[in-house]
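Please look over the sequence and the model before reading on.

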Amino acid sequence: MENIVAYRIKNARKLKGLSQQDIADELQISKQMVSKYEKGTSMPSSSKLLKLSRLFGLKIDYFFNSFKVDIGEVNFRKKSSFSMKKQNSLKEQIKINLENYLWIEDTLSIDYSFKNIIENISINNISDVENAVLKLRTEWNIGTDPIHNIIQLLEDKEIKVIELYDADEKFDGLATYVNDKYPVIVVNGNFPVERKRFTLLHELGHLLLNLPDCEINEEENFCNKFASEFLLPRNIVINEFGGKRKGITLTELISTQKKYGISIPAIIYRLVDAKILSKERQKQFYIKLNFNPSLKKDVNHSRFETPENSNRYERLVYRALAQENISISKASSLLGKNIEFVKENYALI
């Protein structure tokens with residue numbers, strides 16, 4: 001038990017970005033004693049644990065949770081501005097969410113076996129990405145229809161989605177495998193819906209594409225291509241906009257944005273990629289944006305009406321509660337809600 005508590009105290013400290021001295025000052029003990037707590041050579045009293053619980057903003061049962069996950073390699077890529085402290089804090093946020101997610105699945109005896117059906121497609125150029133997306137859409141029985149809920153699609157395909165609402169504003173998303181088995185995508189839940197959808201699919205590209213050994217920028221380009229092709233396939237772009245054009249109206253762009261849940265700048269990128277618009281016209285588009293605040297506001301406005309939210313985890317918690325696998329108190333802890341909230345939303349039929 002001492003080792004479990006020690007592990008939790010150390011991880012919670014990283015989560016909050018605090019030093020051992022910060023903890024010592026808060027508990028009015030020595031820094032050496034905090035070190036002993038984290039090494040498991042000394043056990044904090046119940047009163048000290050309560051203070052730690054309040055300091056970290058975590059339920060007391062967190063410190064006794066023996067269920068651990070290995071989130072694998074986390075590459076922050078473009079987030080070079082993230083200090084090591086911020087990176088460690090984000091990792092711990094993800095760990096807590098995933099530990100709860102996998103624990104509730106384990107409690108319900110749910111065990112999925114994910115298979116990457118495009119892992120054998122080697123990606124050496126952009127056309128290879130198009131082939132990978134086509135195969136994935138075909139195997140997932142999507143066809144070329146608009147996708148109304150990316151998160152639901154991913155979770156139906158056994159990919160766990162975690163939304164973080166208190167993450168650093170510079171964090172967009174990441175993808176990794178947990179315990180070398182479970183594919184997970186983490187996304188900033190505060191994003192506008194179109195950006196969230198693109199980020200989810202960009203991270204799916206990192207998760208599934210068999211990418212070559214290349215520079216980060218090239219890897220990002222491959223995954224951007226994957227996301228834009230997945231949201232708005234080339235043949236749909238041509239069907240919606242026709243052949244080569246000298247210009248596109250904002251009305252057409254808004255209509256496509258609403259239908260496919262893709263931002264207008266991303267649509268412009270697809271039009272250039274399909275050779276419907278020239279790169280010169282794309283350049284003129286961004287010049288207009290920079291000199292016309294009203295147009296920029298209109299272009300960047302979020303219009304896709306289907307919400308992108310994950311509720312599978314919440315449903316599993318209430319399912320476990322209904323089956324009496326867990327108590328209302330445990331459900332409260334897992335959901336991060338007070339007991340009264342859980343009771344109000346728990347109506348057993």
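**Backbone angles**

The model is predicted. Most residues other than glycine have a negative phi. Against that background, Asn141 has a positive phi, near 60°, without being a glycine. Asn179 is likewise not a glycine, and its phi is positive at about 55°.

Where in the chain is Asn141 found? Asn141 belongs to the loop between helix H6 (126–139) and helix H7 (150–156). Asn179, in turn, is placed in the loop between strand E2 (173–178) and strand E3 (182–188).

| Residue | Relative accessible area | Class |
|---|---|---|
| Asn141 | 69% | exposed |
| Asn179 | 34% | partly exposed |
| Cys223 | 0% | buried |

Asn141 is classed as exposed because its relative accessibility of 69% is over 50%. Asn179, at 34%, is partly exposed.

**Cysteines**

How many disulfides does the model contain? The count is 0. A disulfide calls for a pair of cysteine sulfur atoms within 2.5 Å. The cysteine sulfur closest to that of Cys214 belongs to Cys223 and lies 8.7 Å away, so the separation is too far for a bond. Cys223 accordingly takes part in no disulfide, its nearest cysteine sulfur being that of Cys214. With a relative accessible area of 0%, Cys223 is buried, because this value is under 20%.

Definitions and conventions
Residues numbered from 1 in each chain as written. Predicted model: local features only at pLDDT ≥ 70, side-chain atom pairs only at ≥ 80, totals over all residues. Heavy atoms only, no water. Helix = DSSP H or I, 4+ residues; strand = E, 2+ residues; numbered from the N terminus. Buried < 20%, exposed > 50% of the residue type's maximum accessible area, 1.4 Å probe, protein only.
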